[in-house]
Amino acid sequence: GWTGKGWGPGIIENNAGRLLTGKEYNQIRLEPPTGKMSSKHYSANFKTFLEENDNGKPWAFWVGTHEPHREYEYGSGGELGGKQARNLDWVPGYWPDNEIVRNDILDYAYEIEYADKHLEDILSILEEREQLENTLIVVTSDNGMPFPRSKGLQYEISNHMPLAIMWKAGIRNPGRSEDAFVSFIDFAPTFLKVAGVDWDTSGMAPTPGKDLMEILQDDYRILDRSYIILGQERHDYGRPGNQGYPVRSIIKDGFLYMHTFKPHLWPVGNPETGYLNTDGSPTKTFILNLRRDRVDEHFWQLNFGKQPREQLFHIAVDPDCLVNLAGHSEYRELKETLRALLFKDLALQEDPRVVGPDEDIFDTYPWDKPGSYDFHERFVAGEIETYQTEWVNASDYEAGPLD
């Protein structure tokens with residue numbers, strides 16, 4: 001079963017009757033702290049699921065909190081969360097450090113705390129029903145912060161997601177330190193392995209994901225988890241021709257190497273459609289206005305400007321990815337080594353961007369919503385007057401790049 005925000009893979013109309021995430025449990029509602037939060041009572045709906053399936057059989061449940069998705073009630077982090085902007089000890093170097101941005105971060109943190117409170121209640125429910133010991137619990141996120149230069153890109157903050165796993169009866173030697181890289185694609189093979197299903201012999205298509213049991217069980221390591229491959233294609237529809245923004249990256253030994261296949265495109269969507277790959281926010285609007293008012297273009301370039309074909313960052317000392325080392329001669333050998341390893345793995349995975357034959361196939365891959373086709377062309381022509389989503393600030397679109 002599932003509660004909150006859930007979805008099954010594939011085009012929805014072709015999945016009629018396929019409850020890939022189980023039965024929906026969103027009946028129980030509550031009065032949320034702000035008008036921007038969901039009224040779904042996640043923990044109570046989970047409890048209802050357990051009560052309906054109290055037969056001793058194995059179960060799986062997905063809690064997909066809407067928080068901290070945009071939009072937020074501005075100032076809620078201070079007014080309701082009891083925090084003060086001046087006490088915030090972290091503002092990344094690619095955002096202006098001012099009260100507007102700081103309050104935006106606090107509002108984000110307040111929504112995370114709200115989701116955490118439901119998680120605490122869920123753990124208490126499991127403990128009360130004596131199921132906490134043998135329940136595998138995975139807490140993670142599907143993307144980075146809904147802020148500029150975070151969600152939908154390839155920087156450290158974009159893909160270094162929170163991950164907490166609890167399995168009291170299944171994790172050996174808890175408390176030990178691990179340096180292994182893991183990925184979201186490792187979760188499904190892990191769940192099947194726990195359920196006694198082997199991916200490789202199940203008849204399913206191959207996956208580059210590898211189960212995490214060797215880490216959870218502290219067994220002898222067979223797989224090389226010293227580096228990780230990242231990929232980006234399409235996450236918005238704000239470019240001409242419905243194009244995405246193809247990037248492939250590798251992280252190894254404290255360095256992030258990024259290869260952009262089409263650096264002539266706008267990374268987070270075109271200016272005239274409002275940089276749609278960045279959710280609307282006070283932070284986004286402030287950065288855009290800095291440039292419009294010709295006060296500062298530095299932050300706009302970091303968050304919305306075009307990127308070079310190659311980028312190399314020493315994320316161990318530069319987690320904000322502000323200093324591109326790709327053009328530095330002393331890092332040339334390292335850059336070429338990382339690039340060679342990246343493209344070797346991509347070739348083994350038969351990535352069309354690398355091996356073809358149609359390297360642009362993702363640019364024409366169908367969307368699940370027909371209304372997204374030719375969005376850029378229709379919006380520029382005036383056929384679309386308003387944005388039909390709460391995470392876009394209509395005031396953020398621009399007639400075109402400034403001179």
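With a relative accessibility of 37%, glutamate 113 counts as partly exposed, a class between buried (under 20% relative accessible area) and exposed (over 50%; 1.4 Å probe, protein chains only). The model is predicted, and local features therefore need pLDDT of at least 70 and side-chain atom pairs pLDDT 80 or more, whereas totals for chains, interfaces and linings use all residues. Residues are numbered from 1 along each chain as its sequence is written, and side-chain values use heavy atoms, without hydrogens or water.

Glutamate 113 forms a salt bridge with lysine 83, in which the closest N and O atoms are 2.8 Å apart; the term requires a side-chain nitrogen of Lys or Arg within 4 Å of a carboxyl oxygen of Asp or Glu. Helices (H or I, at least four residues) and strands (E, at least two) are DSSP runs, numbered from the N terminus. Lysine 83, at 27% relative accessibility, is likewise partly exposed.

In total, 25 salt bridges are counted in the structure by this rule. One of them brings together the side chains of glutamate 52 and lysine 23, at 3.4 Å from N to O. Here too the partners come from distant parts of the chain, 29 residues apart, with glutamate 52 in helix α1 (residues 42–52) and lysine 23 in the loop between β1 (2–4) and α1. Glutamate 52 is partly exposed, its relative accessible area being 47%, and lysine 23 is partly exposed at 43%.

A further salt bridge joins the side chains of arginine 353 and glutamate 233, with 2.8 Å between N and O. These residues are 120 positions apart: arginine 353 is found in helix α10 (residues 352–355), while glutamate 233 is found in the loop between β5 and β6. Arginine 353 is buried, with 8% relative accessible area, and glutamate 233 counts as buried at 15%. Both residues also take part in a network of salt bridges that links Glu233, Arg248, Lys262, Asp351, Arg353, Asp360 and Asp363.

Strands β5, β6, β7 and β8 form, in that order, an open sheet with antiparallel pairing. The strands at its edges, β5 (227–232) and β8 (310–313), each pair on one side only. Within the sheet, β6 (residues 247–252) and β7 (residues 255–260) run antiparallel and are joined by 6 bridges, where pairing of two strands requires at least two DSSP bridges. Across this pairing, isoleucine 250 has tyrosine 257 in β7 as its bridge partner.

Helix α7 (residues 282–292) has the buried residues Thr283, Lys284, Thr285, Ile287, Leu288, Leu290 and Arg291. Just after this helix, arginine 294 takes a positive phi of about 55°.
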